[in-house]
Amino acid sequence: MYKVLRKMKKWFSGVLVGFFFILLVLRFVVLKNPFGDIPLLVPITVNSTDPLESNQAAVTPTVQPQESANQVISSNTLVSSLFLKRNFSEEVQSSLSTWNRMNHLINYSQGLPNAVKAIREAGVAWENLLDSFGMEQNSDFNESAPPKAREKQCPHFLSNINVTGYGDGGYRLQIPCGLIQGSSITIIGVPNGLLGDFRIDLTGEPIPGEPDPPIVLHYNVRLHGDKITESPVIVQNTWTAAHDWGEEERCPIPDPSEKKKVDELSQCNEMVGTDKGGKVAENGSSYISLHSSTARNRSRAGQYFPFKQGYLSVMTLRVGEEGIQMTVDGKHITSFAFRESLEPWLVSEVRISGDLELISVLASGLPTSEGLDEIVDLKELRSVLLPLHHRLDLFIGIFSTANNFKRRMAVRRAWMQYPAVKAGIVAVRFFVGSHKNQMVNEELWTEVQTYRDIQLMPFVDYYSLITWKTIAICIFGTEVVSAKYVMKTDDDAFVRVDEVLASLNRANVTRGLLYGLINSDARPHRSPDSKWYISPEEWPQSIYPPWAHGPGYVVSYDIAKAVAKRHKGHLKMFKLEDVAMGIWIAELQKHGLEVRYINEQRVYNEGCQDGYVIAHYQSPREMLCLWQKLQHERVANCCGD
């Protein structure tokens with residue numbers, strides 16, 4: 001009897017352990033799959049004799065990032081509100097021409113970082129946008145006339161002078177419409193108090209269910225050092241609820257061999273914390289004083305730290321192309337590269353806390369739209385609505401983010417005024433994703449109806465998703481219109497449309513064409529610190545197939561059509577969009593497509609040179625200057641500083 005009881009006890013214990021194991025498994029599944037259990041699109045094989053369409057299932061998908069791979073997402077749950085038919089005006093319907101053809105792309109979201117999050121956030125932004133215009137549906141949605149002028153919501157400049165008495169929670173300045181390249185935050189104050197330590201945080205929008213918003217930049221000044229050093233130090237970092245704190249970047253740099261550059265500026269000024277012999281300063285003395293700009297506050301020659309207790313500091317954080325630069329009293333001190341999914345357009349607030357006697361805070365260069373009542377040439381700036389399958393010599397799609405209002409206006413007033421564009425031989429459209437900020441989306445909505453040249457994207461505009469825009473451009477260029485050639489460019493690139501057309505006519509290649517600045521021997525960036533980092537899982541080979549640099553390249557109709565058709569589950573998703581196009585073309589080449597690569601060395605990837613066909617990294621002011629030079633001097637010369 002005793003043996004029987006022991007066996008029953010063991011059996012019961014085993015059942016109990018098994019039961020708890022099943023509960024743990026179920027809990028894990030629920031946490032990892034909160035949206036449902038309908039899988040994302042499964043690729044299907046399409047039989048065809050055309051080499052552009054055959055053997056499509058043979059393309060191996062990219063290894064999925066953890067965010068996507070561990071979630072089996074119900075596509076219906078995510079996009080149910082994004083693709084409902086609604087009674088919009090002709091202008092708005094036209095802006096959704098590509099959107100309505102991208103539901104397959106949304107289903108196949110596994111290949112790119114932040115894809116699931118971007119779709120989910122776009123659904124929320126879309127519903128909020130429609131709700132905000134609900135009272136004006138009859139006028140704004142259904143009339144073909146430009147919308148009435150609305151009060152601008154995105155200010156160009158914000159300031160708070162004589163800031164005093166902020167509490168324990170610190171001082172906060174709201175940034176209504178995010179930051180863009182060229183935006184700056186200037187803080188004037190005196191490190192004071194017991195330690196003189198202070199921090200500046202650029203934070204994003206609050207996330208429902210999370211106690212704190214993401215930190216795009218954490219800038220922490222520790223005048224008496226920390227656990228690692230007793231010398232003064234500046235620590236930069238980021239924080240998200242999903243990944244906690246990132247890897248610290250310290251100035252002075254503990255290991256000089258690890259120094260890097262951001263926007264061609266050092267991560268840490270080499271003089272910070274060193275004497276003339278390169279030794280780290282022991283007492284944190286500074287050149288910076290309230291009274292003198294030459295012999296500022298030094299205890300012995302050569303030592304330098306930009307902050308000291310009791311002395312005024314003028315600090316400016318400025319947004320660059322690759323990251324954020326900090327200057328103190330006019331001297332560059334640190335640089336911080338943007339980290340994945342923490343981009344300047346996400347910033348919604350500046351937070352300042354600690355032992356800083358704050359005097360004033362100013363934000364300038366903020367994104368703002370051009371008021372309709374200020375525009376005298378509106379008729380010249382509006383694009384003509386194109387009938388479905390309208391034939392074109394060239395379609396140009398431009399990457400742009402929602403709050404880059406000034407860049408789009410500069411392009412409209414510059415190279416979109418080419419006669420070929422005005423005559424309808426060439427069509428140009430901006431491809432713009434949603435923004436997490438309601439004000440930006442409302443400004444964008446007005447812009448959509450006013451200029452009729454924006455294609456809205458059904459996802460939030462993270463940098464990691466630009467490949468989706470490449471596909472969208474191919475969809476528009478072949479399914480919405482019918483263009484002989486399809487071109488991709490950026491909103492900070494000046495395109496000489498006439499010279500692009502002339503070059504294509506001289507080449508006279510109508511099939512299998514990739515035209516641009518061709519790179520035939522590029523290798524993946526394997527350093528995790530690189531903005532273009534590619535893991536061996538994402539691309540195992542040591543070299544990429546030939547590809548054309550992103551500021552401007554052209555493909556023939558057949559290639560664009562193949563990309564548009566294969567996006568329904570047969571394209572290898574790759575986060576570097578220009579390289580992705582090269583990969584897709586190489587795959588088509590394996591299946592019989594004869595490819596012609598035309599290397600256009602007058603496409604300047606980093607700036608402008610006289611005689612350019614495309615000049616990259618042009619500010620709105622430079623864009624207008626280049627156009628004026630072409631009009632008045634009839635030569636393609638660059639603009640000086």
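## Salt bridges

A salt bridge is a side-chain nitrogen of Lys or Arg within 4 Å of a carboxyl oxygen of Asp or Glu. This model is predicted. Lys488 sits in strand S19 (residues 481-490) and Glu577 in helix H15, so the pair ties together parts that are 89 residues apart in sequence. Lys488 and Glu577 are both buried. Shared partners also link Arg496, Glu499, Arg506, Glu600 and Arg602 into one network of salt bridges.

The structure holds 32 salt bridges. Among them is Arg413 with Glu370, whose closest N and O atoms are 3.1 Å apart. Arg413 belongs to helix H9 (residues 405-413), and Glu370 to the loop between strand S15 (356-364) and helix H8 (378-381), so this pair joins parts 43 residues apart in sequence. Arg413 is partly exposed, at 24% relative accessibility. Glu370 is partly exposed too, at 21%.

Lys469 and Asp461 also pair, with their closest N and O atoms 2.9 Å apart. Lys469 is buried, at 2%, and Asp461 is buried, at 5%.

## A buried lysine in a loop

Lys575 lies in the loop between helix H14 (557-566) and helix H15 (577-590). Its relative accessible area is 13%, so Lys575 counts as buried, the limit being under 20%. The side chain of Lys575 reaches the backbone oxygen of Tyr533 at 3.2 Å. Beyond its sequence neighbours within four places, Lys575 has contacts that include Leu112, Glu340, Ser464 and Glu538.

## The six-stranded sheet

Six strands form an open sheet in the order S1-S15-S3-S11-S12-S13, paired antiparallel. Strand S1 (158-161) and strand S13 (331-337) are the edges. The twist averages 20° from one strand to the next.

Strand S12 (residues 323-328) is joined to S13 by six bridges. Val328 has Lys331 in S13 as its bridge partner.

Definitions and conventions
Residues numbered from 1 in each chain as written. Predicted model: local features only at pLDDT ≥ 70, side-chain atom pairs only at ≥ 80, totals over all residues. Heavy atoms only, no water. Helix = DSSP H or I, 4+ residues; strand = E, 2+ residues; numbered from the N terminus. Buried < 20%, exposed > 50% of the residue type's maximum accessible area, 1.4 Å probe, protein only. Polar contact = N/O pair within 3.5 Å; in protein donor to acceptor, adjacent residues only side chain to side chain. Contact = heavy atoms within 4.5 Å. Pairing = 2+ DSSP bridges. Axes fitted to C-alpha atoms, helices over the stretch in contact; angles between N-to-C directions.
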